[in-house]
Amino acid sequence: MASPIQVKIGSTDISSSIDWRTLDIVSVVTKERGSAKFDILNINNPQIPNFGDSIKIYYNATLIWAGVCTEKEIVIAGGILQRIHVTCSDYGYLLDSKVVHKTYQNMDPADIVDDLITNFAPAGFTTNNVKRGNFLIASIKFNYEALTKCLESLAKTIGWDWYVDVNKDVHFFFATTNTGSSEINPAPFNIDDTSGNILWPTLDVDMSIANLKNSIYVIGGTMFRANTSGNTPDVYTTVAGQLTYYLTYPYDTTTLGTTLKVTLDGATQSIGLDGQTDPGTVNVLYNPGSGGGAQGGSPFIKFTSDPGAGHTLKVFGNASLPIVAHLTSPASITSYGEYQDTIVDKQIKSVQEAQARADAELIQFDHPVYDVKFSTLVSGLSIGQTIFLNSALLGITNYQLLIRRVEMTCYSPTDTSKGLMFQVEALGSDNVTFNDIMMTLLQRSLADNATPDNTILQEVIPISESLEIADVVTISAAKGPYAWAPVAAALQSAEGGEMYGSFGYGSFALGGGLPYADDAPVSTPPPVVRWGFFTWS
């Protein structure tokens with residue numbers, strides 16, 4: 001009987017060669033790359049996929065998974081049968097063929113995703129299911145990061161989710177238990193006590209506040225604030241003999257006299273940079289300091305001559321301010337108490353960005369997390385769908401969940417209604433996993449090593465070039481430092497002769513030119529090489 005499950009390499013069906021017991025298909029939203037694994041039995045010369053081959057899996061003629069072959073392992077089962085373990089990755093593997101180095105400012109998240117896919121994804125990917133946020137991302141920078149990590153980082157920044165479907169279409173959407181999902185994709189059935197759609201003994205509902213966060217501090221980078229002579233905090237009264245005055249904030253030195261101004265009793269002072277400008281050419285020198293503490297770490301200005309006593313000194317312009325924002329969820333604090341957390345992201349360059357980052361964290365974590373797992377033999381469930389939990393037995397009514405993970409294994413390969421078992425995980429918001437921790441560390445590392453926008457990229461391109469070499473060998477006669485001559489008997493005797501053998505003769509039966517004691521003397525030895533470093537007698 002034909003199986004309702006089909007595995008194809010491109011358009012070629014290889015289902016008859018698959019060991020269905022090994023089929024394992026995984027689809028995941030946002031955090032992981034989906035995969036498909038199966039074994040091919042080497043019987044009747046089966047077709048084996050090559051690396052990069054398109055792999056598609058169908059169930060009852062519906063495409064349920066698609067990707068490319070990325071790994072093969074050949075084993076000898078039982079010492080007789082050749083078995084090929086095949087591992088495939090979903091289309092996220094293709095998205096990561098290039099890295100992204102780009103900064104986006106004041107753009108809707110949908111426009112950012114569209115630009116990423118247009119400029120960095122291989123041909124064939126679309127953005128038909130990228131939802132508009134109707135708000136602007138103040139700034140986000142990607143520092144030579146894989147495209148899927150860029151999408152994940154953007155999604156995490158605003159509390160959204162993403163995945164790429166079997167048709168290479170990118171889904172980017174808002175999903176939370178608070179207000180529902182912007183991806184209108186309801187599951188074909190809900191989780192309840194009576195319908196029989198789920199295998200009831202497999203239902204697992206985990207409710208947790210372990211990751212609850214309802215009071216968020218965001219420590220960002222720095223921003224410029226335009227201080228004027230009327231509102232600057234850097235106002236001082238000069239003291240006779242004092243040349244150096246420490247400042248509250250460092251200032252932008254892009255255009256001295258415009259982005260940084262100094263006045264003395266209202267009179268503009270000419271400015272130079274400490275350690276760079278000739279002190280004899282300006283009134284004051286500015287030093288940005290080393291970044292901390294009043295003992296030499298704070299920024300300061302230094303007069304090149306004594307300004308005298310009692311004068312009003314003002315320093316103003318584009319002051320560089322550190323960004324620290326705090327956002328709370330009053331309703332959550334009322335229900336569960338206050339649970340604070342800190343986000344450190346030096347790529348945040350405005351208060352609006354810091355607020356958006358904190359708000360995204362609250363959307364995901366200011367309420368208990370519902371993590372619901374169950375198995376079913378009913379097809380139709382897929383990642384990105386919204387599903388409701390309605391259980392009188394559990395006391396839960398209309399709780400919306402997002403299907404974030406679906407694992408499919410073979411149950412009865414010839415049964416059209418029970419061919420696959422679906423293990424489903426649906427969450428109300430999100431859990432912090434090991435992958436999240438590693439992703440945060442990676443992004444922090446990339447942020448700490450950000451590449452400036454004006455960096456010059458050196459493209460090193462290998463070129464195959466042939467080089468033909470024609471050698472001509474010329475043999476020239478030359479007299480070496482040796483001569484051919486017979487060895488005199490007297491010399492043999494002097495070198496050891498009969499007692500020790502001769503160094504100059506190499507054809508004795510046992511001598512070979514070495515001083516063996518059993519060498520026999522000869523009366524007329526043949527010529528041998530005699531080195532001419534000294535005179536022979």
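Start by selecting Phe 38: leaving aside neighbours within four places in sequence, its contacts are Val 7, Ile 14, Ile 18, Thr 22, Leu 23, Ile 55, Ile 84, His 85, Val 86 and Cys 88. Keep in mind as you click around that this is a predicted model.

Now widen the selection to the core around Phe 38. The largest nonpolar core has 46 residues, and Phe 38 is one of those touching the most other members, along with Ile 191, Phe 374, Ile 387 and Leu 401. Colour strand E27, residues 396-410, next: with 7 residues, strand E27 gives the most to this core. There is another core to pick out, lying apart from the largest one; it has 30 residues, including Ala 110, Phe 125, Leu 147 and Cys 150. As background, nonpolar side chains in soluble globular proteins tend to be buried together.

Go back to Cys 88, one of the contacts of Phe 38. Cys 88 counts as buried because its relative accessibility is 0%. Show Cys 69 too, which is buried at 2% relative accessibility. Searching the whole structure turns up 0 disulfides.

Next stop, the rings. There are 11 aromatic pairs in the structure. For one of them, select Trp 160 and Phe 174: the ring centres are 6.2 Å apart and the planes meet at 50°, so this pair is tilted. Trp 160 belongs to strand E11 (residues 160-164) and Phe 174 to strand E12 (residues 169-176), so the pair ties together parts 14 residues apart in sequence. Are these two buried or exposed? Both Trp 160 and Phe 174 are buried.

Lys 168 lies over the face of Tyr 91, 5.1 Å from the ring centre. For another, jump to Phe 365, where the charged end of Lys 213 sits over the ring at 4.7 Å from its centre.

Show what surrounds it: not counting residues up to four places away in sequence, Ser 139 touches Thr 103, Tyr 104, Gln 105 and Glu 353.

Key: Residues are numbered from 1 along each chain as its sequence is written. This is a predicted model: local features need pLDDT of at least 70, side-chain atom pairs count only at pLDDT 80 or more; totals for chains, interfaces and linings use all residues. Side-chain values use heavy atoms; hydrogens and water are left out. Contact means heavy atoms within 4.5 Å. A disulfide is a pair of cysteine sulfur atoms within 2.5 Å. Buried means under 20% relative accessible area, exposed over 50%, partly exposed in between (1.4 Å probe, protein chains only). Rings of Phe, Tyr and Trp (its six-membered ring) pair if their centres lie within 6.5 Å; planes under 30 degrees apart count as stacked, over 60 as edge-to-face and the rest as tilted. Helices (H or I, at least four residues) and strands (E, at least two) are DSSP runs, numbered from the N terminus. A charge sits over a ring if NZ of Lys or CZ of Arg is within 6 Å of the ring centre and within 35 degrees of the ring normal. A nonpolar core is a set of buried Ala, Val, Leu, Ile, Met, Phe, Trp, Tyr and Cys residues joined through side-chain atoms within 4.5 Å.
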